[in-house]
Structure formats: C-alpha cells, structure tokens
Amino acid sequence: HTLIQDPLLNYPYGAINPNPPLYQWSVAATGHLLAPMFTADAVNHLSQDQVATWWATEWAPVVYGALTLIPIYFIGKWLFDRRVGVVAAAFWVFSAEAIDVTGLGDSRHYAAVLFFASLAFMFYIRALQHFRGEGNWVTSWKNGSAISSGLGRFFRERRVAIGYALLTGISIAAVALMWKGFPYVIGTMFIYAGLQMILDHW
C-alpha cells in the first residue's frame, strides 16, 4: 500500500502517497533488523517487529539530522575554510528545520531527504573542484585514435572527479526515491554550476 494508498495519510480515510517509498522501506528494514533487541508489547498487542519499527520510526529522523552535520561542515570547509564549515554546521544544529524534521516536530522523511541532498551537494562541489584544470583531452574529434587516446587520458587524469560525480548521482537517486520534489535539488545544482563557471571565468 505504500506505493499507492497510505492508510496513515489523511487518517482515518487514507490518501494517495505521492512520495516514493525508500525512506519507509529503510525504516521498516531497520526495525526488522533491530527486532531481536526488543520485546513484544502484550498490553498493546504489538509484536517485536512492530515495537522495533516504532522506535526506528522515532529515531531515524534524529539520526539523519545529526548525520547532516557532516556534509554541511565539509561544504563550508571546501568552499571557504574550516571556520565557515563549523559555523554552517552550528547554524544547522539550531535551525528550526533541523528540529521540525525530527521526532520533536513532524517525524517524516524530510530529515533523510536533507541528509542525502546535502551529501549530493558536498560530492558535487568536490567533483567540480577536481574537474578544474586543462580540459583539452581530445585534440581532434575527427580522428578516432585521437578520441580514444583523449578519452583514455581523461578517465586516467580525472578518476577522482568521476568518482565524486558518481557519488553525487547516487545521492540524488536516493533523494528521488524518497521525495517527489527531487528536481529542486537538481535545479539548484545547475544554478550553482552556472554561478561557479561565471566566477571561474572572471
């Protein structure tokens, strides 16, 4: 039912769930793995799996929110310096959004979305930094040997940048499998890339 109709949305009538189910599935899988650490609740007629999944649902946004500190710190550090990274992480800790997406507020998938979106930006910035430099790898696009040798040199010299680009794509895919609004993340990245190219040109 999580793919189409979710009975907990617009309770008790249910509603169509517009978001992909990766977050819910990850919470359910975590609850199943942690079930041996919990005991069944006989009073409320809950099994081990149900009790563990309830706790996983409560704590998952908190864990994702805390993990978001890591990419935010490195984004600030890599764009500016270490002090900016620390200040940016501190702003995240005390921001209303960081509290709202946890169990203290609306315990939903947004904490995981923000974590993977921040992770995507962190990898994206690093990929752009490693792609900088001489970029004329193919001397002639009309010559087959020049194309093959140029592309081979590109993959050899930019292996780290390609790795960061792949990690960026994986992070965006995680966001897309949790939140219907993932195009906002991609659009923001395009805007940043455009501004960065203008700054690099000047």
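Is arginine 153 buried, partly exposed or exposed? Arginine 153 is partly exposed, at a relative accessible area of 27%. Here buried means under 20% relative accessible area, exposed means over 50%, and partly exposed lies in between (1.4 Å probe, protein chains only).

This is a predicted model, in which local features need pLDDT of at least 70, side-chain atom pairs count only at pLDDT 80 or more, and totals for chains, interfaces and linings use all residues. Residues are numbered from 1 along each chain as its sequence is written, and side-chain values use heavy atoms, with hydrogens and water left out.

**Overall build**

The protein has nine helices and two strands. Helices (H or I, at least four residues) and strands (E, at least two) are DSSP runs, numbered from the N terminus. Read from that end, the order is β-β-α-α-α-α-α-α-α-α-α.

The radius of gyration is 22 Å, whereas a compact globule of 202 residues would come near 17 Å. That radius is taken over C-alpha atoms, and the globule rule is 2.2 Å times the number of residues to the power 0.38. The C-alpha trace spans about 75 × 40 × 35 Å along its principal axes.

Of the 202 residues, 33% are buried. The protein exposes about 12900 Å², and carbon and sulfur atoms supply 69% of that area. Accessible areas come from the Shrake-Rupley method with a 1.4 Å probe; for residues, only the protein chains shown count as cover.

Contact means heavy atoms within 4.5 Å. Among contacts between residues at least 6 apart in sequence, 57% join residues at least 24 apart.

**Charges and the salt bridge**

The protein carries 12 positive and 11 negative charges, and their mean positions are 19 Å apart. Lys and Arg count as positive, Asp and Glu as negative; His and the chain ends are not counted. Each charge is placed at NZ of Lys, CZ of Arg, CG of Asp or CD of Glu.

How many salt bridges does a search of the whole structure find? It finds one. A salt bridge is a side-chain nitrogen of Lys or Arg within 4 Å of a carboxyl oxygen of Asp or Glu. The partners are arginine 153 and glutamate 157, at 3.3 Å from N to O. Both lie in helix α7 (residues 144-157), four residues apart, which is about one turn of the helix. Glutamate 157 is partly exposed, with a relative accessible area of 41%.

**A buried threonine**

Threonine 168 sits in helix α8 (residues 159-176). Is threonine 168 buried or exposed? Threonine 168 is buried, with a relative accessible area of 5%. Neighbours within four places in sequence aside, threonine 168 is in contact with Ala120, Phe123, Tyr124 and Met189.

Asparagine 10 belongs to the loop between β1 (5-6) and β2 (15-16). Asparagine 10 counts as exposed, at 52% relative accessibility.

Valine 93 is part of helix α4 (residues 82-93). Valine 93 is partly exposed, with a relative accessible area of 39%. Leaving aside neighbours within four places in sequence, valine 93 is in contact with Leu69 and Ala98.

Glutamate 58, in helix α2 (residues 48-67), has 28% relative accessibility. Glutamate 97, in helix α5 (residues 96-100), has 38% relative accessibility.

**Distances across the model**

| Pair | Apart in sequence | C-alpha to C-alpha distance |
|---|---|---|
| Asparagine 10 and glycine 187 | 177 residues | 30 Å |
| Valine 93 and serine 149 | 56 residues | 49 Å |
| Glutamate 58 and serine 149 | 91 residues | 54 Å |
| Glutamate 97 and histidine 201 | 104 residues | 35 Å |
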